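This briefing summarises the architecture, packing and surface of the chain displayed below. The points are grouped by topic for reference alongside the coordinates.

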Amino acid sequence: MTGNYLALLEESLRKKLQVMAEIQDYNLRQQRIFQSNEVNLDKFDEYVDEKGKLIDRLTALDNGFEKLYANVAEELSGNREQYAAQIKILQGLVTKVTEQSVAIQAQETRNKKMMEDFFRKERDGIRMGRKTSKAAIGYYKTMSKSAVVAPQFMDSKK
């Protein structure tokens, strides 16, 4: 019975690695959006939604793994030698999951900074646009108030 549980734990970890790889792929797509000349925020939002679904799957896999491990942990502690090969495989997979988790966190941090930089530039551009508009409106008002002076040296007779 424990062998079956260990096989399920292994399968769960492999699925988790697959989902994490998909999350990394979406992170790369988001990164490319902010590195391009024309930022497509609709596409970015679509990727955020897709990543949200993947994170939900990851959470479900985590919960299932924890429940399964709770069922088998006691028996494993008493019979480690019997399941040593499977335990070693599980430990390797857990290490990979941890490494991938760290890589995802680094990607998320980089993407967050790129997004903040983008929005900062957009805000600065809007601010500059407002200043330019105010200057143009001020110039227009000033010029409108000044009376147009007819040329002084023109001969009005024909």
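Read from the N terminus, the elements of the chain follow the order α-α-α. The model is a predicted one, and its chain contains three helices and zero strands. Among the contacts in the chain with a separation of 6 or more, 81% are between residues 24 or more positions apart.

**Burial and surface**

- The chain has 158 residues, and 23% of them count as buried.
- The accessible surface of the chain amounts to about 11,900 Å², and carbon and sulfur atoms account for 55% of that surface.

**Nonpolar core**

- The largest nonpolar core comprises 25 residues. Leu6, Leu9, Leu13, Val19, Ile23 and Leu76 are the members with the most contacts inside this core.
- Each of α1, α2 and α3 supplies at least two residues of this core, and α1 gives the most, with 10 residues.
- In soluble globular proteins, nonpolar side chains tend to be buried together.
- Leu6 touches Leu76, Tyr83, Gln86 and Leu90 when residues up to four places away in sequence are not counted.

**Largest pocket**

- The space in the largest pocket is about 160 Å³.
- Its lining consists of Leu6, Leu9, Phe65, Tyr69, Ala73, Leu76, Ser77, Arg80, Ile87, Leu90, Gln91 and Val94.
- By class, the lining of the largest pocket has nine nonpolar residues, two polar residues and one charged residue.
- Helices α1 (2-35), α2 (41-78) and α3 (84-145) each contribute at least two residues to the lining of the largest pocket. The element that gives the most to this lining is α2, with five residues.
- Leu6 and Leu76 are among the lining residues of the largest pocket, and both are also listed among the residues with the most contacts inside the largest nonpolar core.

- Met20 is located in helix α1. Met20 counts as buried because its relative accessibility is 3%, where the cut-off for burial is under 20%.
- Apart from residues up to four places away in sequence, Met20 touches Leu58, Val97, Gln100, Ser101 and Ile104.
- A distance of 9.6 Å separates the C-alpha atoms of Glu11 and Leu90, which are 79 residues apart along the chain. For Met20 and Ala103, 83 residues apart along the chain, the C-alpha separation is 9.8 Å.
- Glu11 also belongs to helix α1.

**Asn111 and Gln31**

- Asn111 lies in helix α3, while Gln31 is found in helix α1.
- Asn111 has a relative accessible area of 6% and is therefore buried.
- Gln31 has a relative accessibility of 19%, so Gln31 counts as buried; the cut-off is under 20%.
- With neighbours within four places in sequence left aside, Asn111 is in contact with Asn27, Gln30 and Gln31.
- Gln31 touches Asn111 and Met114, again not counting residues up to four places away in sequence.

Terms used
Residues numbered from 1 in each chain as written. Predicted model: local features only at pLDDT ≥ 70, side-chain atom pairs only at ≥ 80, totals over all residues. Heavy atoms only, no water. Helix = DSSP H or I, 4+ residues; strand = E, 2+ residues; numbered from the N terminus. Buried < 20%, exposed > 50% of the residue type's maximum accessible area, 1.4 Å probe, protein only. Contact = heavy atoms within 4.5 Å. Areas by Shrake-Rupley, 256 points an atom, 1.4 Å probe, with all protein chains shown as cover. 1 Å grid on protein atoms, 1.4 Å probe; cavity = no way out; pocket = protein on both sides within 12 Å on 5 of 7 lines; lining within 4 Å. Points joined across faces, edges and corners; volume = space filled by probe spheres on them. Nonpolar A, V, L, I, M, F, W, Y, C, P; charged D, E, K, R; others polar. Core = buried A, V, L, I, M, F, W, Y, C linked by side-chain atoms within 4.5 Å.
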